[in-house]
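Visitor: I am new to this structure and would be grateful for a guided introduction. May I put some questions as we look?

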Amino acid sequence: MVSLSEEPAERRAHELGDVFLDAVYGIPGGDKIKQCIQCGTCSASCPTSYAMDYTPREIIAAFRAGLLERVLRSNTVWLCSSCYYCTVRCPSGIKLTDIMYELKRLGVEFGLVQEEAVAPTLSKAFVDLVDKYGRVPETSLVMRVLLKTKPLAALKMVPQGLKLLARGRLPLLPHRIAGISEMNKCAGAMTDALVSGLHAGRSAGKET
Amino acid sequence: MKLQPRAGFSYYPGCSLEGMNRAYDKSARLVSKELGIDLAELDDWNCCGASAYMSIRELRAHLLSARNLALAEREKKDLAVVCPACFTNLTKTNQYMGEDPKLRRIVGSALKAANLQYLGTVRVRHLLDVIVNDIGQSDVKAKVTRPLSGLKVAPYYGCQFTRPLGEYDDKEFPMMLDTLLTWLGAEPVSFPLKAKCCGGILMTTNQSVALTLVRSLLDCATQNGAECIATICPLCHMSLEAYQGDVNKEFSTNFKVPMFYFTQLIGLAFGFGRKELGIDQELVSSKTVLEKRLVVT
């Protein structure tokens, strides 16, 4: 019987626990997370774990304990730089980098991200640029994100930008690929198929 | 699946090589031509998604790579890639679509909307692998007209060249670039951090962490006697070159370590000029080092 005294927030975390588990099991090789032996090889191999509120090993432990909401609101998953050390060293064959990606996606989907984090803003801006142009003009990406999140830092980059410009390393106009509409047509077809439930076990949520 | 013999490669430069890292593109095309590697730029390629797209959407990130793979398959060529992040994304989608029938079905049916299909016949190769393993020692050495004698280079691979899916070198201690450098007459120094992370995109999102990582790389390289660093990754190159000044400011250090794309060092050894190789676009001057080692032009 479900306890009626459970606080709404706890209940929500509880419900999300199942959603999160299903989502992680759904990615290729995702169900390997069940085989984690908590050895900590991932945390010891991670170049950024020293700065994380929760280390990669702790993330898996928190996941099992249903405390993922707390983890997603910390700085942790967005400090993953995709170096894949944990993935190639895990004795249980867990593709932890792929799981980090899934946790980033779930955090964005459910609004569970650290308030001051820049990385989710950058990723969203990146997606917008890809969907619009098909390629990413990296300098306009960086400037766009900094202006939004840390205008002072953007200002500080002006001298460096001028140096790059003088060396022909700052393209000012983005290039739009010819196949951009066909690319978006494919994406649209995929979303439609997901929405209409053609691909069992895969939700359209994060794809739109 | 049996692989057909291929004539040349479809070349995938990636977004970084259209911007900050044009010199990598320029030098890669130049030395490939010199080595008889036929690189034809993949027509109308799209972004691989890097790590950012995958952080928001999974299936559509695979779709991005699948379109590139489908375009390459239509050309009946393998893909030659220079950016390790592009390499990893393209390889990953290629492998996951082969192994996971559900992913293959979802992405395959989406491609149909643009009359595209991907059967899984394309191999994704990094240009370093092509040069070392397909061209090989004797053909590379035969082209060397100006050996980089005495040039002490830290060979920096970064992460995604061998991790997670590169199968042609050790995942934690690769040697392919070391080997190539010796063919050019240079002296690769011992560089224990050669496959450690530079922080990548964290330079924009969590700068203090990224600067710490870059500092330890520069420390390790110089303490082992390196006069310059060779990279195979545009993002590593940017972190170590464009942010070297920020490292110096943050940690009161005084690094002045020139950075080369590995293709620029090949080009120098082949006798090409600095300008032809885009070395004139550098932010940390390599003039002193090159003059000292008599490879300047």
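The questions and answers below concern this predicted model.

Visitor: How many helices and strands does chain B have, and what is its radius of gyration?
Guide: The secondary structure of chain B comprises twelve helices and eight strands. Its C-alpha trace extends over about 55 × 45 × 30 Å along the principal axes. The globule rule gives 19 Å for 297 residues, and chain B is close to this, so it is as compact as a globular protein of that length; its radius of gyration is 19 Å.

Visitor: What percentage of the residues in chain B are buried?
Guide: A residue counts as buried when 20 or more other C-beta atoms lie within 10 Å of its own. Of the 297 residues in chain B, the buried share is 58%.

Visitor: Is Y11(B) buried or exposed?
Guide: Y11(B) belongs to strand β1 (residues 9–12) of chain B. Leaving aside residues up to four places away in sequence, Y11(B) touches L39(B), A40(B), E41(B), L42(B) and A80(B). Because Y11(B) has 23 C-beta neighbours inside 10 Å, its class is buried.

Visitor: Which strands stand at the edges of the open four-stranded sheet in chain B?
Guide: The order in this sheet is β6-β5-β7-β8, with parallel pairing. Two strands each have a single partner, so one side of each is left without a neighbour in the sheet; these are β6 (187–188) and β8 (259–261) of chain B.

Visitor: At about what angle does helix α9 of chain B run to β8(B)?
Guide: Helix α6 (residues 176–183) of chain B lies across β5, β6 and β7 of chain B, at about 150 degrees to β5(B). Helix α9 (residues 234–242) of chain B lies across β5, β7 and β8 of chain B, and its angle to β8(B) is about 165 degrees.

Visitor: How many of the eight residues of helix α11 of chain B are buried?
Guide: The buried residues of α11(B) include F262(B), L265(B) and A269(B). Among the elements covering the buried residues of α11(B) are α1 (22–34), α5 (127–143) and α6 of chain B. Helix α11 (residues 262–269) of chain B is largely enclosed by the rest of the structure, because the number of its residues that are buried is eight of the eight.

Visitor: Which helix supplies the largest share of the side of chain B that touches chain A?
Guide: In all, 54 residues of chain B are in contact with 58 residues of chain A. Several helices of chain B each supply at least two residues of that side, including α2 (59–74), α3 (84–99) and α4 (101–112). The largest share, six residues, comes from α4(B).

Visitor: How far apart are the centres of domain 1 and domain 2 of chain A?
Guide: The domain assignment of chain A gives domain 1 as 8–109 and domain 2 as 119–203. Taken over C-alpha atoms, the separation of their centres is 26 Å.

Note on methods. Residues are numbered from 1 along each chain as its sequence is written. Chains are lettered from A and ligands numbered from 1 in the order in which they are written. This is a predicted model: local features need pLDDT of at least 70, side-chain atom pairs count only at pLDDT 80 or more; totals for chains, interfaces and linings use all residues. Domain bounds come from an automatic or database domain assignment. Two residues are in contact if their C-beta atoms, placed from the backbone, lie within 7 Å. Two strands pair if DSSP finds at least two bridges between them. Axes are lines fitted to C-alpha atoms, for helices over the stretch in contact, and angles run from 0 to 180 degrees between N-to-C directions. A residue is buried if 20 or more other C-beta atoms lie within 10 Å of its own, exposed if 12 or fewer, and partly exposed in between; C-beta atoms are placed from the backbone. The radius of gyration is taken over C-alpha atoms; the globule rule is 2.2 Å times the number of residues to the power 0.38.
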